[in-house]
Amino acid sequence: MTTAFILTRAEWNFARTGEGWAASLVDKGLAVFDEDGGITLGQELRLIAEEAVSADAEEREPGVFALRGGRFCMLIEPYRLIPDALKISLYKDEKSLVEAIKGRDERIDGETAG
């Protein structure tokens, strides 16, 4: 099973670094405002961001990254339907990630050929 998040680049940057402002994460239910008015990531997004920061990353093509972490793997790619957004797909293991990359490559090859 795959889980995917669609986040803006600003939201993803905030999740990974804590820099910037991403109140939209609160609207998406991925963060809350703390008592000081700051943003605190929810547990799920915090774990994903921590894994992304510590994972082995391979740039498959410009802006497309395959990450192999200790708990799970990820594929991060631009989300074409929303400008300046990313699709962050989570996979249970490296085998699932490799299959997803292969499917993605075949889909893109089919789009460019047709």
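Which element gives the most to the lining of the second largest pocket? I would like to begin there, and to remind everyone that what we are looking at is a predicted model. The answer is helix H1, which contributes three residues to that lining.

The space in it comes to about 160 Å³, and its lining is made up of Arg9, Trp12, Arg16, Ala52, Ala57, Gly63, Phe65, Leu67, Ile76 and Leu86. The elements that give two or more residues to this lining are helix H1, spanning 9–17, and strand S5. If we sort the lining by class, we find seven nonpolar residues, one polar residue and two charged residues.

The largest pocket, by comparison, holds about 340 Å³ of space. It is lined by 14 residues, and those closest to its centre are Glu77, Pro78, Arg80, Arg104 and Arg107. Strand S6, residues 73–78, strand S7, residues 85–91, and helix H4 each supply at least two residues of this lining, with H4 giving the most, namely five. By class, the lining of the largest pocket has seven nonpolar residues, one polar residue and six charged residues.

I will start with arginine 68, which forms a salt bridge with glutamate 58, at 3.3 Å from N to O. Here arginine 68 sits in strand S5, residues 64–68, while glutamate 58 sits in strand S4, residues 56–61, and the two are 10 residues apart. Arginine 68 also pairs with glutamate 94, and in that salt bridge the closest N and O atoms are 2.7 Å apart. Because arginine 68 lies in strand S5 and glutamate 94 in helix H4, this pair ties together parts that are 26 residues apart in sequence.

A further salt bridge joins the side chains of arginine 60 and aspartate 105, again at 3.3 Å from N to O. Arginine 60 belongs to strand S4 and aspartate 105 to helix H4, residues 94–113, so this pair ties together parts that are 45 residues apart in sequence. Through salt bridges that share partners, Glu58, Arg60, Arg68, Glu94 and Asp105 are joined into one network.

Arginine 60, with a relative accessible area of 35%, is partly exposed, as is aspartate 105 at 26%. Glutamate 94, finally, has a relative accessible area of 43% and is partly exposed.

Before I stop, I would like to point out glutamate 59, which lies in strand S4. Glutamate 59 is partly exposed, with a relative accessible area of 48%. Its side chain reaches the backbone nitrogen of glycine 63 at 3.0 Å, and, once its neighbours within four places in sequence are left aside, glutamate 59 is in contact with Val64 and Phe65.

Definitions and conventions: Residues numbered from 1 in each chain as written. Predicted model: local features only at pLDDT ≥ 70, side-chain atom pairs only at ≥ 80, totals over all residues. Heavy atoms only, no water. Salt bridge = Lys/Arg side-chain N within 4 Å of Asp/Glu carboxyl O. Helix = DSSP H or I, 4+ residues; strand = E, 2+ residues; numbered from the N terminus. Buried < 20%, exposed > 50% of the residue type's maximum accessible area, 1.4 Å probe, protein only. Contact = heavy atoms within 4.5 Å. Polar contact = N/O pair within 3.5 Å; in protein donor to acceptor, adjacent residues only side chain to side chain. 1 Å grid on protein atoms, 1.4 Å probe; cavity = no way out; pocket = protein on both sides within 12 Å on 5 of 7 lines; lining within 4 Å. Points joined across faces, edges and corners; volume = space filled by probe spheres on them. Nonpolar A, V, L, I, M, F, W, Y, C, P; charged D, E, K, R; others polar.
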